[in-house]
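My plan was to look things up one at a time and write down what came back.

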Amino acid sequence: MANVTIIGAQWGDEGKGKVVDWLASRADIVVRFQGGHNAGHTLVVGNQTYKLSLLPSGLVRGKLGIIGNGVVIDPVALLAEITRMRDQGLTISPETLRIADNAPLILPVHAAIDAARETARGDRKIGTTGRGIGPAYEDKVARRAIRVCDLAEPETLDWRLDELLLHHNTLLAGLGAATFEKAALRDQLLALAPQILPFAEPVWERLAAARKSGARILFEGAQAVMLDVDHGTYPFVTSSNTVAGQVAAGSGIGPDAIGRVLGIAKAYCTRVGSGPFPTELLDETGRLLGERGHEFGVVTGRPRRCGWFDAALVRQAVKVGGITGLALTKLDVLDGMETLQIGVGYMIDGIEFKHFPPGAAAQAKAQPIYETIEGWTGSTRGARSYAELPAQAIKYVRRIEELVECPVTLLSTSPERDDTILMQDPFAD
């Protein structure tokens with residue numbers, strides 16, 4: 001059986017939640033492999049709207065959800081999300097949710113460091129969610145992280161907290177922020193342990209068994225390629241690798257199990273927070289896109305910055321992200337617009353670039369090179385086949401395929417789960 005990996009092909013918020021939900025009905029297991037509760041997936045199922053941050057989206061469809069070791073977990077946020085989803089009628093138990101026992105934890109000290117650093121940056125803020133994601137990943141690679149398995153070992157927890165607070169309290173004091181007491185953190189973690197540990201296991205064993213049995217696995221990415229810590233618009237990025245290659249390291253499965261890689265992209269572009277955005281529109285058209293697309297961050301609630309589709313950026317995401325098929329969402333937002341623009345490259349100091357440069361100064365200077373394409377007067381909203389689309393809308397999709405050098409294999413034409421046009425089944429053998 002084929003597995004499928006889903007990643008964002010822009011700056012996140014591309015509508016991954018709906019696509020994951022749509023595909024999860026045909027999967028056996030859904031796995032989160034990176035990120036933290038800075039991710040936000042919105043799923044609309046009938047008259048219910050589910051807003052998920054840490055929990056795998058497949059839980060909404062009654063599928064087994066796994067949180068892999070590549071995710072950083074705020075245990076308080078996780079338990080709160082479980083409670084919210086249970087209140088909405090979902091069954092979430094150790095039978096439906098498993099957590100990697102080697103996944104790192106986000107502690108209150110991480111959020112405090114996050115906030116203190118952003119304040120100290122002043123006008124050079126990165127625009128983090130302030131939830132401690134970055135500092136938690138730093139602790140992981142610095143080998144001082146507290147992991148899920150440590151909750152079962154009070155003696156391990158004790159000396160790890162010593163090491164962690166030696167580092168973070170020094171930083172907090174230097175930034176003029178309040179420091180943390182070891183005893184309070186230790187007591188909090190020991191109180192959380194009985195609630196978290198029943199979900200914990202070596203998930204790599206379960207995934208290996210699932211592969212052997214022929215189960216279909218859906219790997220659910222958070223954020224997007226252009227927020228990847230290596231390949232994104234550094235330093236305005238997240239703190240983990242978001243590309244498909246992270247699936248193997250972040251879930252404990254071989255790279256040959258990643259399967260088909262579906263990249264999600266809006267029919268236009270949005271971004272939350274700071275950082276370069278060459279095709280951003282600061283005019284009435286940008287406002288209109290935001291209004292029609294209901295563009296507010298799921299996690300932050302901040303208005304998303306809106307702009308034209310950047311084909312050069314998505315082409316880059318296709319190459320570095322390992323994307324084999326593109327899912328284009330929110331095509332209906334462009335209905336009725338007389339003309340559309342597609343970014344096909346950048347002009348920097350009089351030199352034309354076909355890719356987005358890695359240097360911060362060059363990124364800040366990048367001016368988009370546009371190709372103009374005629375809009376359409378008919379409606380695409382709710383279409384479930386190509387025959388229902390205006391001819392010019394089809395031309396727009398075809399032109400995107402040419403420019404990004406990747407086929408559009410799925411089209412989403414509204415937030416509703418079934419308003420989807422499938423050209424190629426990603427789960428097909």
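My entries follow, grouped by topic.

**Entry 1: the model.** I am working from a predicted model. I keep that in mind for each entry below.

**Entry 2: annotated sites.** I began with the UniProt record. Its unreviewed entry lists Asp-13, His-41 and Lys-140 under "active site". I then placed two of them. Asp-13 sits in the loop between strand 1 (4–8) and helix 1 (16–24). Its relative accessible area is 22%, so I log Asp-13 as partly exposed. His-41 belongs to strand 3 (residues 41–45). With 6% relative accessibility, His-41 is buried.

**Entry 3: cysteines.** How many disulfides does the model hold? I count 0 disulfides. I used a sulfur-to-sulfur limit of 2.5 Å. For Cys-306, the closest cysteine sulfur is that of Cys-269, 9.7 Å away, which is too far for a bond. For Cys-406, the closest is again in Cys-269, at 15 Å, also too far. Cys-306 is buried at 5% relative accessibility. Cys-406 is buried too, with a relative accessible area of 5%.

Entry 4: Strand 17 (residues 408–412) pairs with strand 18 in the antiparallel sense, over 3 bridges. There, Leu-411 stands opposite Ile-421 of strand 18.

**Entry 5: helix 7.** Next I looked at helix 7 (residues 203–213). Its buried residues are Val-203, Leu-207 and Ala-210. I asked what covers them. The cover includes strand 2 (29–32), strand 5 (64–67), strand 6 (97–100), strand 7, strand 8 (217–220) and helix 8 (246–251). On the face turned away from the buried side I found the exposed residues Lys-212 and Ser-213. Gly-214 follows the helix, and its phi is positive, near 85°.

**Entry 6: nonpolar cores.** In soluble globular proteins, nonpolar side chains tend to be buried together. I looked for such groups here. The largest nonpolar core has 109 residues. Ile-73, Phe-309, Leu-326 and Tyr-396 have the most contacts inside it. I followed up Tyr-396. Leaving out residues up to four places away in sequence, Tyr-396 touches Ala-267, Phe-309, Leu-331, Leu-334, Leu-340, Ile-342, Ile-373 and Trp-376. I also found a second, separate core of 15 residues, which includes Val-20, Trp-22, Leu-23 and Val-30.

**Entry 7: a glycine.** My last stop was Gly-307, in strand 11 (residues 305–307). Buried or exposed? Gly-307 is buried, with a relative accessible area of 0%. Gly-307 touches Tyr-268, Cys-269, Phe-277, Thr-279, Glu-280, Leu-281 and Leu-289.

Note on methods. Residues are numbered from 1 along each chain as its sequence is written. This is a predicted model: local features need pLDDT of at least 70, side-chain atom pairs count only at pLDDT 80 or more; totals for chains, interfaces and linings use all residues. Side-chain values use heavy atoms; hydrogens and water are left out. UniProt positions are given in the numbering used here, feature names are shortened, and annotations may be inferred rather than shown by experiment. Helices (H or I, at least four residues) and strands (E, at least two) are DSSP runs, numbered from the N terminus. Buried means under 20% relative accessible area, exposed over 50%, partly exposed in between (1.4 Å probe, protein chains only). Two strands pair if DSSP finds at least two bridges between them. A nonpolar core is a set of buried Ala, Val, Leu, Ile, Met, Phe, Trp, Tyr and Cys residues joined through side-chain atoms within 4.5 Å. Contact means heavy atoms within 4.5 Å.
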